[in-house]
Amino acid sequence: MAPTALSERLKQSVTKDALRSYFAEFISTFFYVFAVVGSSMASRKLMPEMAASPSGLVIVAVANAFALSSAVYIAANISGGHVNPAVTFAKAVGGHISVLTALFYWVSQMLASYMACLALKVTTVGQVLPTYTIAQEMTGFGATILEALLTFALVYTVYAAGDPKRGALGSIGPLAIGMIAGANVLATGPFSGGSMNPASAFGSAIVAGSFKNQAVYWVGPLAGAAVAGLVYDNVVFPAQTSPDSTLRGISDGIGL
């Protein structure tokens, strides 16, 4: 019985619609990471003496807000517009998508992030590819908690923006998601970088060859995302019907 169920899940995860969803995640995550990491490189290029200045922080925060809003919008009706392994993890924990489908989403997102950072590294010859780092005065535990809180806010907004019980939000949904991401970067950029996205941290780390404190950008976001999804689904807006645990997440959009 178990092998049959696994085979059925595998078939559902490699259908034409599923493959379209993985490709949509790849495209949206690629352009999101390209814009976010590229904006950090651009600010350092224009202001080499002020890499850690308030203006540099604003540039990265605005890029996060615009890029994430756009990335979610273009993929929302195809893959759900996750653009983030933490969002995918929350959906899997909550039973909105199967674990197997979540793994395929992760592969698409990680590959997209790596390719985006590699493209920046190759095309901007001589430029240093920035990675997410924590402030010297912070501990790894403190940075992990901070990333968890940031991702909780982001994923909670994702759930609210895509909840059909709240009515169709149109393009306001992706905009709200982008705005909370930008606000989080403004609030915590100097402390942990405000990643909230394991794929973004992973891609830049592997291309730059620096994995210091990488666990911070996995443990924190995944934990915060899972708690946010469970709180929204079971405490704030309990579902009226049991969630479908197959491929519902592929069509879970933002109400566009």
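**Exercise 1. In which loop is Met-196 found?**

Solution. Residues are numbered from 1 along each chain as its sequence is written. The model is predicted, so local features need pLDDT of at least 70, side-chain atom pairs count only at pLDDT 80 or more, totals for chains, interfaces and linings use all residues, and side-chain values use heavy atoms, with hydrogens and water left out.

Step 1. Helices (H or I, at least four residues) and strands (E, at least two) are DSSP runs, numbered from the N terminus.
Step 2. Met-196 is found in the loop between helix 7 and helix 8.
Step 3. Buried means under 20% relative accessible area, exposed over 50%, and partly exposed in between, with a 1.4 Å probe and protein chains only. Met-196 counts as buried because its relative accessibility is 1%.
Step 4. The phi of Met-196 is positive, about 60 degrees, although Met-196 is not a glycine. Most residues other than glycine have a negative phi.

**Exercise 2. Describe the fold of the protein as a whole.**

Step 1. The protein has 10 helices and zero strands. Along the sequence this reads α-α-α-α-α-α-α-α-α-α.
Step 2. Of the 256 residues in the protein, 48% are buried.
Step 3. Contact means heavy atoms within 4.5 Å. Among contacts with a separation of 6 or more, 82% join residues 24 or more positions apart.
Step 4. Accessible areas come from the Shrake-Rupley method with a 1.4 Å probe; for residues, only the protein chains shown count as cover. The accessible surface of the protein comes to about 11900 Å², and 70% of this belongs to carbon and sulfur atoms.

**Exercise 3. Find the largest nonpolar core and the elements that supply it.**

Step 1. A nonpolar core is a set of buried Ala, Val, Leu, Ile, Met, Phe, Trp, Tyr and Cys residues joined through side-chain atoms within 4.5 Å.
Step 2. The largest nonpolar core has 43 residues, and those with the most contacts inside it are Tyr-32, Val-37, Leu-68, Leu-129, Val-155 and Ile-177.
Step 3. The elements giving two or more residues to this core include helix 2, helix 3 (54–79), helix 5 (99–123) and helix 7 (172–192). Helix 6 gives the most, with eight residues.
Step 4. Take Leu-129 as an example. Apart from neighbours within four places in sequence, Leu-129 is in contact with Val-37, Met-41, Cys-117, Leu-120, Lys-121, Ser-204, Val-207 and Ala-208.

**Exercise 4. Why is helix 8 largely enclosed by the rest of the structure?**

Step 1. Eight of the 11 residues of helix 8 are buried, so helix 8 is largely enclosed.
Step 2. The buried residues of helix 8 are Pro-198, Ala-199, Ser-200, Ala-201, Gly-203, Ser-204, Ala-205 and Val-207.
Step 3. Their cover includes helix 2, helix 4, helix 5 and helix 9.

**Exercise 5. How many salt bridges are counted?**

Step 1. A salt bridge is a side-chain nitrogen of Lys or Arg within 4 Å of a carboxyl oxygen of Asp or Glu.
Step 2. The count comes to one salt bridge. Asp-17 forms a salt bridge with Arg-20, and their closest N and O atoms are 3.5 Å apart.
Step 3. Asp-17 and Arg-20 are separated by about one helical turn, because they are three residues apart in helix 2 (residues 16–46).
Step 4. Asp-17 is partly exposed, with a relative accessible area of 46%, and Arg-20 counts as partly exposed at 42%.
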